[in-house]
Amino acid sequence: MNIQEAEKYINNIPRFADKTEPENVRRLMQILGNPERKSKTVHIAGTNGKGSVAKMMSLFLDESGFKTGLFLSPHIEKINERISINERDISDEDFGRIFDIVKNASDELVSQGGSHPAYFEFLFAMGAVYFAEQECDYVVYETGLGGRLDATNCIMPCMTAITEIGLDHVKYLGDTVEKIAEEKAGIIKKGVPLIYFTGRIAANKVIEFIARERGCPAFNAAWTDISVKSSDGGKIDFSLDNRYYTYDNLVINFGSLYQTRNAATAVYMFDRLFNEKSIEEKQSIIQHGLARFRMKARFQYLKDNIVLDGAHNEDAAKELTQSLRKSFKNFSKIRKKIVFAISSDKDYEKVLDELCYGIRPSEIYITELSSGRKLDKQILYDMFSEKMKDKAEIRIYENCEDAYNAAVEGLKEDELLIITGSLYLAGEVLQYIGNRD
């Protein structure tokens, strides 16, 4: 199939269908020849930050001279973004060709009495086949939802990591930090080193218990001293120091200060995985890797006064608010606008609380996602109206393009526009801007 046909087929697979049993994914991989075993792998789970940590780790491996695959979720603008090698997304032609291979294997699985792979499982299989075919030395896998039952959990990694834990996807993962941490900790494998930076003591206790139970050397990256020397205009100059190492003069040219915590996790992973390398060699690799780091929709400046961020849960919304306060002088006095849409399966009321009371916008432009998981815009209008109590002008738009255009029109240099609520919204805005330009 061509990529348009392949993507249409994949998009018709329910994204949040009941998870198939892990054995079903293993059977699919066996039919495909177990491509997930052909490369060394690194496995990363978490609520927030796991995509950034995965990207950073892949850049370190790339800088080390390895052919490195990267499997991310979700994509922002184009489905190809989920599967890349050394910063190059899979081509449209290869995507269609690999799709055919996995589609045939899925058909065979069904004919044997198995279940058709779910949306994420299908894409994971495509990534594994492509990385094996291209003979990658390493592959960095980001989990989709959770960890224990995640499709990616059939790999046997040489390193695992768990990033910040928060309340998200509670319908599927549990309604407490402890329950969610337990699901994420499902990626921990016997004897495989673990790096974690959860941001929550309750999550740490769960993860540390499971790591001990499985005989895993576990390292808490939160014990790293993060010293920020300067942070201006999205450029962050910082150092990392703990009892194992000190890395100075590190620079991230993209995003906000929370990326230093993600860097602490990724650097810890790389340092432990290549313990035999000299500090000097690792310092150079880490410096060059971080300098190349970019992630769409993670505190991304579209203009000096337009910020795009895919914050879609309470913790991410708090990070967004804190980042805005640190990045814009006299933040409380700036007139602020928000373009907002969110998925119906999120804890959207807590996200709205953070935006209303933390950012205090003067204008709110409400719209809906184009996906089936969209939250009705009238529900959002009613909730924003109740919370803001006439302190903001609130408008409804049919789609993100209309909302974006209305918000940008007449935006003054001393005003701030924040586009947030969903990575899917961010993707729609970026696609629209790209097509328009």
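A helix axis here is a line fitted to C-alpha atoms over the stretch in contact, and angles run from 0 to 180 degrees between N-to-C directions. With that in hand, let's look at this predicted model.

**Two helices side by side**

Start with helix α11 (residues 314-327) and helix α12 (residues 348-359), whose axes come within 8 Å and cross at roughly 15 degrees. Because angles under 35 degrees count as roughly parallel, α11 is roughly parallel to α12. The crossing of α11 with α12 is right-handed.

Which residues of α11 and α12 meet? On the α11 side you will find E314, A317, K318, L320, T321, L324 and R325, and on the α12 side K350, V351, E354, L355, G358 and I359. Sorted by class, this contact has 6 nonpolar, 2 polar and 5 charged residues.

**A sheet with a helix across it**

Now turn to the open sheet, where 3 strands line up in the order β9-β10-β11 with antiparallel pairing. Here are the strands to look for:

| Strand | Residues |
|---|---|
| β9 | residues 225-232 |
| β10 | residues 235-241 |
| β11 | residues 246-252 |

β9 and β11 stand at the edges and each has a single partner strand, so one side of each has no neighbour in the sheet. From one strand to the next, the twist averages 15 degrees.

How many bridges join β10 to β11? There are 5 bridges between these antiparallel strands.

Finally, helix α9 (residues 258-273) lies across β9, β10 and β11, and runs at about 45 degrees to β10.

How values were computed:
Residues numbered from 1 in each chain as written. Predicted model: local features only at pLDDT ≥ 70, side-chain atom pairs only at ≥ 80, totals over all residues. Heavy atoms only, no water. Helix = DSSP H or I, 4+ residues; strand = E, 2+ residues; numbered from the N terminus. Parallel < 35°, antiparallel > 145°, perpendicular 65-115°, else oblique. Left-handed = near helix turned anticlockwise from the far one by under 90°. Contact = heavy atoms within 4.5 Å. Nonpolar A, V, L, I, M, F, W, Y, C, P; charged D, E, K, R; others polar. Pairing = 2+ DSSP bridges.
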